[in-house]
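Visitor: I would like to learn how to read a protein model. Please take me through it one feature at a time.

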Amino acid sequence: MNEFRVLKLLDRVQWIFKRLGADYAVMRRILQVKLTMDGRRTPTLFSGAQNSKLNMEGSSFKVQWLYLLLGLMLLVFVAPRDHHILMMSLLFSIVMFLITTTLISDFSTVMLDLRDKNILFSKPVDRRTLNMAKSIHILIYLLTLTLTFTGPSLLFSLFRHGPMFFFLYGAEIILMDGFILVFTALVYLLILRFFDGEKLKDIINYVQIILSVVVTVGAQLVSRLFNISELGLEFTPAWWHYLLPPVWFGAPFELLMGGTRSQSLSILAALSVVAPLVLFNAYIRLMPLFERSLQKLAEQGAAGRDSGRLPRLLSELVCRNRVEAMFFRFTWSMMKHEREFKLRVYPTVGFALIFPYIFIFNQVWSGDLAGIRGSKSFLFIYYCALLMMTAVQMVRYSASYKGAWIYRAIPLQGTAMVHRGMLKAMVMKLLLPLLALEAAVFVLLLGSWIIADMAVVVLALMLYSVICFLTFPKALPFSEKYEASQRKEFTGSAFVQLFILAGLAGVHYVFTLIPAGIYIYLVILAAANVWVWRRAFLPDPSQSGGLPTLRAGG
């Protein structure tokens with residue numbers, strides 16, 4: 001079995017793990033097996049937030065070069081020789097955003113995984129050792145990802161600012177990763193403490209959405225900590241600055257490298273060290289409780305009875321025939337109960353909720369309220385379409401993909417009605433509720449004069465949903481396994497869809513410049529929707545004898 005360098009490094013500090021109550025020899029062997037298995041996985045181009053398994057493809061150059069390229073943008077924050085708290089706070093906000101959003105989708109699958117317990121708990125392995133091995137495994141993953149992303153700026157800082165800045169930067173990266181890992185673990189522990197079974201698994205999905213929104217908003221708030229004036233950049237401390245971790249990790253650079261001395265900076269710098277250590281100590285002490293609570297995940301629990309009245313009523317309203325209505329209800333039910341689908345798609349809801357308002361938030365912060373009410377800022381609502389792009393891509397996959405034999409058991413002629421019922425269910429369950437919420441907020445912010453524009457957005461994104469379906473490779477809903485979800489053909493389709501989305505927003509803007517143009521565009525979109533929704537799902541003559549051959553599992 002491979003001897004990894006990271007294990008040799010851990011050997012030098014094994015006394016720490018022994019002091020924490022772990023059996024280091026057993027923990028080391030578990031880590032060795034996990035790292036070996038990680039190395040045998042097929043590398044993907046970029047796992048990102050949609051890969052719910054802990055992939056160590058970061059050890060592969062094919063993946064790492066992407067993080068290295070992204071890391072080059074951090075050089076602009078390290079280059080200045082002054083205003084360290086501004087630059088490093090912005091840098092850490094970007095890094096924490098990337099690492100946290102990646103970990104949000106990876107963490108629950110790994111840390112809350114019960115499968116290895118069936119094997120290891122039949123051996124002389126105590127629970128603390130296993131949990132410690134899991135935590136170190138994830139921390140290794142985080143450090144690999146973070147050091148790849150921050151590597152260019154870390155190396156550049158050595159030549160730009162000297163060894164002290166370099167070692168301080170490296171230490172803050174380690175503390176930041178530890179803080180992210182332990183904080184996320186404690187959030188899940190809090191949920192595990194009060195909920196169980198199926199309810200807990202659903203709540204985890206919602207927590208991921210909330211964390212996505214919080215991290216996104218936090219990254220925006222960091223840039224608001226500084227007043228820009230003719231004299232330069234000035235940090236003005238306020239009580240809520242102490243709640244923003246990126247500022248904690250930026251403060252030591254100003255204190256030690258910038259020569260600025262103040263009580264606020266000292267407290268913020270102390271938090272960058274104390275907070276991760278305190279949280280880590282709390283996590284170690286609560287580890288037995290975490291392990292006991294983790295057993296709740298094995299409980300099936302009462303998932304709750306779904307009367308199905310709403311999807312049945314909607315299917316009768318929007319579907320044209322019995323087959324289409326049947327697959328409308330099927331897709332609706334699967335989206336509600338397919339946990340892997342929610343794990344990959346629902347975090348996108350968080351981003352879709354917050355992104356349209358980030359640009360308005362910038363104007364509100366600057367005090368330009370009058371400019372907002374007369375602007376075309378409502379066009380940022382087109383960001384909501386990113387949800388449909390992700391959902392249409394992921395609806396083909398399922399953890400229960402072997403059940404796709406049911407498509408053969410049902411006497412169906414072709415897939416047109418299957419796909420139309422599927423897409424209508426996605427629009428009704430995911431897109432329209434999100435658009436209704438976003439439109440209500442925009443109307444409150446900008447006034448009732450944009451109601452017609454909101455109607456245009458609804459029709460445009462309904463049209464865009466069909467375009468997403470047509471540009472992605474076709475497959476029956478929930479018929480393939482998730483390991484196939486990183487296919488290369490999706491990359492080109494996604495770029496095409498982004499250009500089309502930008503084009504729809506641009507056409508909308510052009511029609512706002514024409515007197516009564518928005519109403520003309522509304523009629524055009526209504527007609528286009530009727531035509532496209534009919535033409536896109538015409539029966540395929542080549543499938544007149546039945547369904548195409550299933551590729552269950554991709």
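Predicted model: local features only at pLDDT ≥ 70, side-chain atom pairs only at ≥ 80, totals over all residues.

Visitor: How are two packed helices described?

Guide: Two packed helices are described by the angle between their axes and the distance between the axes. Here, helix H17 (residues 385-394) and helix H19 (residues 416-446) pack at an angle of about 150 degrees, and their axes are 10 Å apart. H17 and H19 are therefore roughly antiparallel to each other. Their crossing is right-handed.

Visitor: Which residues of H17 and H19 meet?

Guide: On the H17 side they are Leu387, Met388, Ala391 and Val392. On the H19 side they are Leu423, Met426, Val427, Leu430, Leu431 and Leu434. By class, this contact of H17 with H19 has 10 nonpolar, no polar and no charged residues.

Visitor: What explains the spacing of such residues along a helix?

Guide: An α-helix has 3.6 residues a turn, so residues three or four places apart point the same way.

Visitor: How many of the residues of H17 are buried?

Guide: A residue is called buried when its relative accessible area is under 20%. In H17, 9 of its 10 residues are buried, and the helix is mostly covered. Among the buried ones are Ala385, Met389, Thr390 and Gln393. For the whole protein, 52% of the 554 residues count as buried.

Visitor: What else can be said about the whole protein?

Guide: The protein has 22 helices and 2 strands. Among its contacts with a separation of 6 or more, 80% are between residues 24 or more positions apart. Leaving out residues up to four places away in sequence, Lys34 touches Asp116 and His137.

Visitor: How do H9 and H11 pack?

Guide: Helix H9 (residues 163-194) and helix H11 (residues 245-256) pack at an angle of about 160 degrees, with axes 11 Å apart. That makes H9 roughly antiparallel to H11. The crossing of H9 and H11 is right-handed. The H9 residues in this contact include Met164, Phe165, Leu168 and Tyr169, and those from H11 include Trp248, Phe249 and Phe253. By class, the residues of the contact divide into 13 nonpolar, no polar and 1 charged.

Visitor: At what angle do H9 and H12 cross?

Guide: The axes of H9 and helix H12 (residues 263-294) cross at roughly 35 degrees and come within 8 Å. This crossing is left-handed. Among the residues that make the contact are Phe179, Val182 and Leu186 of H9, and Pro276, Phe280 and Tyr283 of H12. Here the classes are 17 nonpolar, 2 polar and 2 charged residues.

Visitor: Is Thr184 buried or exposed?

Guide: Thr184 lies in H9 and counts as buried, at 6% relative accessibility. A polar atom of its side chain lies 2.6 Å from the backbone oxygen of Ile180.

Visitor: What does the side chain of Glu324 make polar contacts with?

Guide: Glu324 is in helix H14 (residues 322-337), and at 0% relative accessibility Glu324 counts as buried. Its side chain makes a polar contact with the side chain of Arg420 at 3.1 Å and another with the side chain of Lys424 at 2.6 Å. Not counting residues up to four places away in sequence, the residues that Glu324 touches include Val318, Cys319, Met417 and Gly421.

Visitor: What should I look for in the backbone angle phi?

Guide: Most residues other than glycine have a negative phi. Phe478 has a positive phi of about 55 degrees although it is not a glycine. Phe478 sits in the loop between helix H20 (451-471) and helix H21 (489-512), and at 3% relative accessibility Phe478 counts as buried. Ala516 also has a positive phi, near 60 degrees. Ala516 is placed in the loop between H21 and helix H22 (517-535).

Terms used:
Residues numbered from 1 in each chain as written. Heavy atoms only, no water. Helix = DSSP H or I, 4+ residues; strand = E, 2+ residues; numbered from the N terminus. Buried < 20%, exposed > 50% of the residue type's maximum accessible area, 1.4 Å probe, protein only. Polar contact = N/O pair within 3.5 Å; in protein donor to acceptor, adjacent residues only side chain to side chain. Axes fitted to C-alpha atoms, helices over the stretch in contact; angles between N-to-C directions. Parallel < 35°, antiparallel > 145°, perpendicular 65-115°, else oblique. Left-handed = near helix turned anticlockwise from the far one by under 90°. Contact = heavy atoms within 4.5 Å. Nonpolar A, V, L, I, M, F, W, Y, C, P; charged D, E, K, R; others polar.
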